[in-house]
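Hello,

Here is the structure we talked about handing over. Please look through it first; my notes follow below.

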Amino acid sequence: MLPDSIKVIRKTSKAQRERLIERYLRPADSGPADRARTRPAPLVPRYLIESDLIKSHLKRTEMELTGNLPGLEAHLFTRSKITNFPLNNQIGSLTELSIAALSEPLMVEANLHVAASFFSTMVACADDYLDAEGSYKTYGKELFYVSHAYRDLMDMALQYEVDSGALTPAELKGIRAELGAVLSSLIKSESTTDAASYLYEKSCGDKVVSVLFPASKADKKTKELCVGIGRKTGEAGQLIDDILDYGYDLENSKKNYIIMNGTGLTDAIESAGRRIKEATGMARGLKSYEPVSWVLENLNHVVSTLKRRHKDGLTNTPSTLKLSGAIGRLLESNMPSEQLLIWF
């Protein structure tokens, strides 16, 4: 059974995402058709370095932190480029739950988990684009613009919290700076050759939790505990992802912690379980930890499924997640099980 706290998160965040996507896709000009026909084409945003997705996102962060936020014209241009991709309102499931769960002990009033779900999907699209895999096989270079569309939606979600009074402009600026640190870490993981560094930089769970700090009223001890939980959970999630992708990555010479480290699948499964256990121990030190421990408990069930199948000589792939009873508790019934790991 879903705890009431998780049910509320599901219901409210889904409704907010639907509103934001509908507003984002709404025609900018609802006037007469002749006026719409004469409207000039939207200008290419200054941050949109179309030859390099990484530079494009870094430039956008630089502009945001100096007060040059993307305006309506930038959104119009991006929307004009995503002609085939259906913006998904059921996204970033684990990210959303994790951020929402940690928002309670961190005493964060704003619903930052809605923005987090858009951010995680932006990262997933960027990963598929850079690695030319996953959704790239269907949408190709359009994913470049899709990643920016989800970033547009993340910005809209953050601005909504400011407009509603749940977030101050100063807190928003701090959050943007922390998001920049997350992006830098993820980008750094693309070039690192050290296995331990790759695992940390690719998951960067402590930096993800730090995104909440500008809006947090919690004490130092609580923040330190949440950072530790974020790091351990993030690394466990990356290990799970690399376990599921191991066969594909090995065959296609893709970057994978298990391949880089050379210790094998048994060690990776044990390492994921150990990190989740350590995060669970940290969570007990929080004054309010029910949602956090619930997410960790379900992740532990996923690891148990992987361990059992590996012991029986069976191969674990992304479709293995469908065999875990915990998935049904973490995800919407009509959502593909692979969405669990979209953040990682």
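At what angle do the axes of helix 3 and helix 8 cross, and within what distance do they come? In this predicted model, the two axes cross at roughly 25° and come within 11 Å. Angles under 35 degrees count as roughly parallel, so helix 3 (residues 53-65) and helix 8 (residues 142-163) are roughly parallel to each other. Their crossing is right-handed.

On the helix 3 side, the contact is made by Leu-53, Ser-56, His-57, Arg-60, Thr-61 and Glu-64. Helix 8 brings Phe-144, Ser-147, His-148, Arg-151, Asp-152 and Asp-155. By type, the residues of this contact are two nonpolar, five polar and five charged.

Next, the core. The largest nonpolar core has 91 residues, and those touching the most other members are Leu-87, Leu-106, Leu-112, Phe-118, Tyr-150 and Leu-153. Helix 8 gives the most to this core, with 12 residues. Apart from neighbours within four places in sequence, Leu-153 is in contact with Leu-20, Ile-21, Tyr-24, Leu-87 and Phe-118.

Last, two loop residues. Cys-204 lies in the loop between helix 10 (195-203) and helix 11 (205-210), and its phi is near 35°, a positive value in a residue other than glycine. Ser-253, in the loop between helix 13 (246-252) and helix 14 (257-261), also has a positive phi, near 55°. Are these residues buried or exposed? Cys-204 counts as buried because its relative accessibility is 0%, whereas Ser-253, at 70%, counts as exposed.

Regards

Note on methods. Residues numbered from 1 in each chain as written. Predicted model: local features only at pLDDT ≥ 70, side-chain atom pairs only at ≥ 80, totals over all residues. Heavy atoms only, no water. Axes fitted to C-alpha atoms, helices over the stretch in contact; angles between N-to-C directions. Helix = DSSP H or I, 4+ residues; strand = E, 2+ residues; numbered from the N terminus. Parallel < 35°, antiparallel > 145°, perpendicular 65-115°, else oblique. Left-handed = near helix turned anticlockwise from the far one by under 90°. Contact = heavy atoms within 4.5 Å. Nonpolar A, V, L, I, M, F, W, Y, C, P; charged D, E, K, R; others polar. Core = buried A, V, L, I, M, F, W, Y, C linked by side-chain atoms within 4.5 Å. Buried < 20%, exposed > 50% of the residue type's maximum accessible area, 1.4 Å probe, protein only.
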